[in-house]
Amino acid sequence: MLVLVVASEIATEVFAEATLLLAKGDAQCRDRTCDPRVSWDDIYYRKAKEEGYRARSAFKLLQIDIEYNIFEGVKRVVDLCAAPGSWSQVLRNRILLPNRDDPEIKIVSVDIQDMAPLEGVITIKGDITKLSTAEEITHHFAGKHADLVVSDGAPDVTGLHDVDLYNQSQLILAGLNVTTHILRPGGTFVAKIFKGRDMSLLYSQLKIFFESVIMVKPKSSRNSSLVTLESFVVCQNYIPPNEYTPTMIHPMSMQHYTEETLMTGSNSIIVPFMACGDLNGYANSRLK
Ligand SMILES: C[S@@+](CC[C@H](N)C(=O)[O-])C[C@H]1O[C@@H](n2cnc3c(N)ncnc32)[C@H](O)[C@@H]1O
């Protein structure tokens, strides 16, 4: 009897939570963390809830850091496409909280949607394809540049595979464009990409600006349906070309190209690929 009562209470709780999530909609849950379709046995989803992260995406950034030490020595950081804010929470926990007294530390988070405030983090509502957004970010750094820019941007998914890949590549180029306004030489840029046939073009474009560009797939990045192709690029040591002047005139770049202009031969570069993060180590103290 007791077992039945407890089971019914648990079922009621689960149902209430699912109803709440449904009611919330997915306005700020593009990575489906708040999506009721997300599996209840998803270990990262549960761990995100336990640790108070707004989305399971937090673990992607943590796993990238384990492999690439991207937070080392970072004082000024920009989180592009930040809502609902789990990456900003990671940045706050790892960069701001251990150095609370350092006035140089600044985290600026940007999203086209509203984002719930996060103590110690400056939030900007803005479109990363707009010059005004780049200017607002630099204004907060009072003329100084960022050490790290991260971007987990995802456009609205149409369901049309090619269109979705194209939109994602345009968003990463917009992110790169903003980054060239705000990143210091030697800095790091981490961005979400969807693997597709234009990968080597994207890689070549990133290599113009960074000494090292590696594609990574954190274990917490799901291998299911819409996000199957999700990976991240870790671009280190920002070295813009000598003559380069940041501009937002064509923030989406790649205006026109056709089958004829696709790269072939040695120009079609094979991107170094690295898996990182390990479920065995998800409770590892390094994730905390
Ligand atoms: C997967 S979510 C980011 C999740 C976030 N990293 C986290 O950990 O909570 C993708 C975000 O990209 C934002 N986005 C898409 N296009 C944008 C644009 N042009 N400018 C700013 N944000 C954009 C969406 O509003 C959405 O919140």
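Reply: Let's start with a backbone angle: H5 is followed by Ala-142, whose phi is positive, near 50°. Helices (H or I, at least four residues) and strands (E, at least two) are DSSP runs, numbered from the N terminus. Keep in mind that this is a predicted model, where local features need pLDDT of at least 70, side-chain atom pairs count only at pLDDT 80 or more, and totals for chains, interfaces and linings use all residues. Residues are numbered from 1 along each chain as its sequence is written.

Me: Which residues of helix H5 are buried?

Reply: A residue is buried if 20 or more other C-beta atoms lie within 10 Å of its own, exposed if 12 or fewer, and partly exposed in between, with C-beta atoms placed from the backbone. In H5 (residues 131-140), Thr-133, Ala-134 and Ile-137 are buried. They sit on the same side of H5, because they cover an arc of only 100° around the axis; that arc is taken from the directions from the helix axis to the C-beta atoms. Over on the other side of H5, Ser-132 and His-139 are exposed.

Me: Why do residues three or four places apart point the same way?

Reply: An α-helix has 3.6 residues a turn, so such residues end up pointing the same way.

Me: What do the buried residues of H5 pack against?

Reply: Contact means that the C-beta atoms of two residues, placed from the backbone, lie within 7 Å. The buried residues of H5 pack against strands E1 (76-80), E2 and E3 (121-125), and against helix H6 (161-182).

Me: And where does Asp-152 lie?

Reply: Look in the loop between strand E4 (146-151) and H6. Asp-152 counts as buried because it has 24 C-beta neighbours inside 10 Å. Leaving out residues up to four places away in sequence, Asp-152 touches Ser-57, Cys-81, Trp-87 and Lys-192. UniProt, in an unreviewed entry, lists Asp-152 under "binding site", along with Gly-85, Trp-87, Asp-111 and Asp-127. UniProt positions are given in the numbering used here, feature names are shortened, and annotations may be inferred rather than shown by experiment.

Me: Which residues come nearest the ligand?

Reply: Near means that a residue's C-beta atom, placed from the backbone, lies within 6 Å of the molecule. Of the 25 residues around the ligand, Ser-57, Cys-81, Ser-86, Ile-112 and Asp-152 come nearest. Helix H4 (86-96) and strand E2 (106-111) each supply at least two residues of this shell.
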